[in-house]
Amino acid sequence: MIPKECKRLAEVDFPIAEVSRHAAREKSIRHGHPSTLHLWWARRPLASCRAVLLALLWPDPCDPVCPGGFKAKARELLPQVQGQVGPSDEDLRRALLRFIANFANWDLAANRTYLDVARALVKAAYPEETPLVVDPFAGGGSIPLEALRVGCEAFASDLNPVACLILKVMLEDIPRHGPELAEELRRVGAEIKREAEKELAELYPKDEDGAIPIAYLWARTVRCEAPNCGAEIPLVRSFWLCKKANRKRALRYKIIKPSPSGRGGRAAPGEGLCPVPDEPTPAGGGSGAGRAFSVQKYGMLQWGDLFTARQKLALATLARLVYSAQNSAVSELLGLVLNGVVDRNAVLATWRPQADQEKVEHVFARQALPMSWDFAEAACVSESTGSWEDRITDTVRIVSASCRQTVASAGVGQVQQADATEHPLPDETAQ
């Protein structure tokens, strides 16, 4: 065991410039990255978490009381990835720091040799007992996930139940079940889609030519108050559907004079299907009112106001089908999938024509609920962005990638919902 008076590597030096570059690059990695499993605010980059953990776990070889066994193991293993180490302790320190900087690269996070070297050196530093890393504010799980990757045990807790759901999937379900979890998610997800297609067929009718709509575009309106006018004016930011250089598409508007009744024969908004209880939305914003994302200033006084009638029924149907699979190994994953569908099926979601693939943008494009005068409604039973099939496909990809990251072979973490001021672990538990 490392003597208490021995300094850790992070106390004397750290490759901050290289690690920062890798952490910044990681933000643009989308496909298969754990951060895309579910939205979480202020998620820490895996690169920096992995690097800092190793720098805190490993002793400084230049410290007089650094264990000789660790230094000997480091000299034996490091040449596998970066050449021979010089004869002095300063050379060994530089070699360890270079390893940390290189291993922060996402492209090497699943490299078998780098993983084996990192875990063997953690074992050499703690030969008697595997170190336990505890994170009482675990959030999206970057720190405990990287602790598992480098061969530690991990205990993660958070007060937020959404965070705990993410943590359970990343630290318990994926390591415990491995690649079979992705296949089971694909199978159960397909069953739910088939049942949803049957139950919701009338809500998403096909076009006359048999084509299946991928989204519906809506706009809130205001009525002209000029005498003898009464025109209903759509509040549309743009008529563009796609702005690619080789495929520009836009809506062609058509003005229809309203009927004498003033409503053009349309039903009042929200009439008909309404399976969502209309509980009040949080007030927020005022003194002592908390930090809620308030939408009451926009007239959305009940939760039901955040969804169209069709969205309410579709989401309630999917929620019921997900609940019916609650005893399966993928029940928690299905909850994250449903959350992803909800995030793209609300009256604050927008149409994005500038993307590589034009699509419905999710509600939380930023950490707020901004007003959107025009919005896009994804077709839940299609295969486009925002549909059940889309979220299942993305989640299967992330689970498969996480299994390839070989986190599973490093062990299973432990997750518990807990208040950090009343932590379930006793004092002096973690190294």
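Two residues are in contact when heavy atoms of theirs lie within 4.5 Å. The model is a predicted one.

**Stop 1: Met300**

Select Met300. The residue sits in the loop between β7 (247-250) and α10. Is Met300 buried or exposed? Met300 counts as buried, at 4% relative accessibility.

Now show what Met300 touches. Leaving out residues up to four places away in sequence, the contacts are Arg220, Thr281, Val295, Asp305, Leu306, Val347, Leu348 and Met371. Pick Thr281 from that set. Thr281 and Met300 are 19 residues apart in sequence. Their C-alpha atoms are 7.4 Å apart in space.

**Stop 2: α9 against α10**

Select residues 179-199 for helix α9 and residues 309-323 for helix α10. The two axes come within 10 Å of each other. They cross at roughly 145 degrees. The crossing is right-handed.

Which residues make the contact between α9 and α10? From α9, take Ile192, Glu195, Ala196 and Glu199. From α10, take Thr317, Leu318, Arg320, Leu321 and Val322. Colour this contact by residue class: five are nonpolar, one is polar and three are charged.

**Stop 3: salt bridges**

Side chains of opposite charge can pair when their charged atoms come close. How many salt bridges does the structure hold? The count is 24.

Start with Asp60 and Arg93. They form a salt bridge, with the closest N and O atoms 2.9 Å apart. Asp60 is in the loop between α2 (46-57) and α3 (68-77), and Arg93 is in helix α5 (residues 89-103), so this pair ties together parts 33 residues apart in sequence. Asp60 counts as buried, at 3% relative accessibility. Arg93 counts as partly exposed, at 21%.

Move to Arg112 and Asp116. Their side chains meet in a salt bridge, 3.0 Å from N to O. Both belong to helix α6 (residues 112-125), four residues apart, so about one helical turn separates them. Arg112 is partly exposed, with 39% relative accessibility. Asp116 is partly exposed too, with 38%.

Next, select Glu361 and Arg352. This salt bridge has its closest N and O atoms 3.1 Å apart. Glu361 is buried, with a relative accessible area of 15%. Arg352 is partly exposed, with 34%.

Then select Lys193, Glu197, Glu383 and Glu389. Salt bridges that share partners join these residues into one network.

**Stop 4: cysteines**

Select Cys229 and Cys224. How far is the sulfur of Cys229 from the closest cysteine sulfur? The distance is 3.4 Å, to the sulfur of Cys224. A disulfide needs the two sulfur atoms within 2.5 Å, so this pair is too far apart for a bond. By that rule the structure has zero disulfides.

Check the surface around Cys229. The residue is partly exposed, with a relative accessible area of 41%. Finish at Cys242. This cysteine counts as buried, at 1% relative accessibility.

Methods
Residues are numbered from 1 along each chain as its sequence is written. This is a predicted model: local features need pLDDT of at least 70, side-chain atom pairs count only at pLDDT 80 or more; totals for chains, interfaces and linings use all residues. Side-chain values use heavy atoms; hydrogens and water are left out. Axes are lines fitted to C-alpha atoms, for helices over the stretch in contact, and angles run from 0 to 180 degrees between N-to-C directions. Helices (H or I, at least four residues) and strands (E, at least two) are DSSP runs, numbered from the N terminus. A crossing is left-handed if the near helix is turned anticlockwise from the far one by less than a right angle, and right-handed if clockwise. Ala, Val, Leu, Ile, Met, Phe, Trp, Tyr, Cys and Pro count as nonpolar, Asp, Glu, Lys and Arg as charged, and the others, Gly among them, as polar. A salt bridge is a side-chain nitrogen of Lys or Arg within 4 Å of a carboxyl oxygen of Asp or Glu. Buried means under 20% relative accessible area, exposed over 50%, partly exposed in between (1.4 Å probe, protein chains only).
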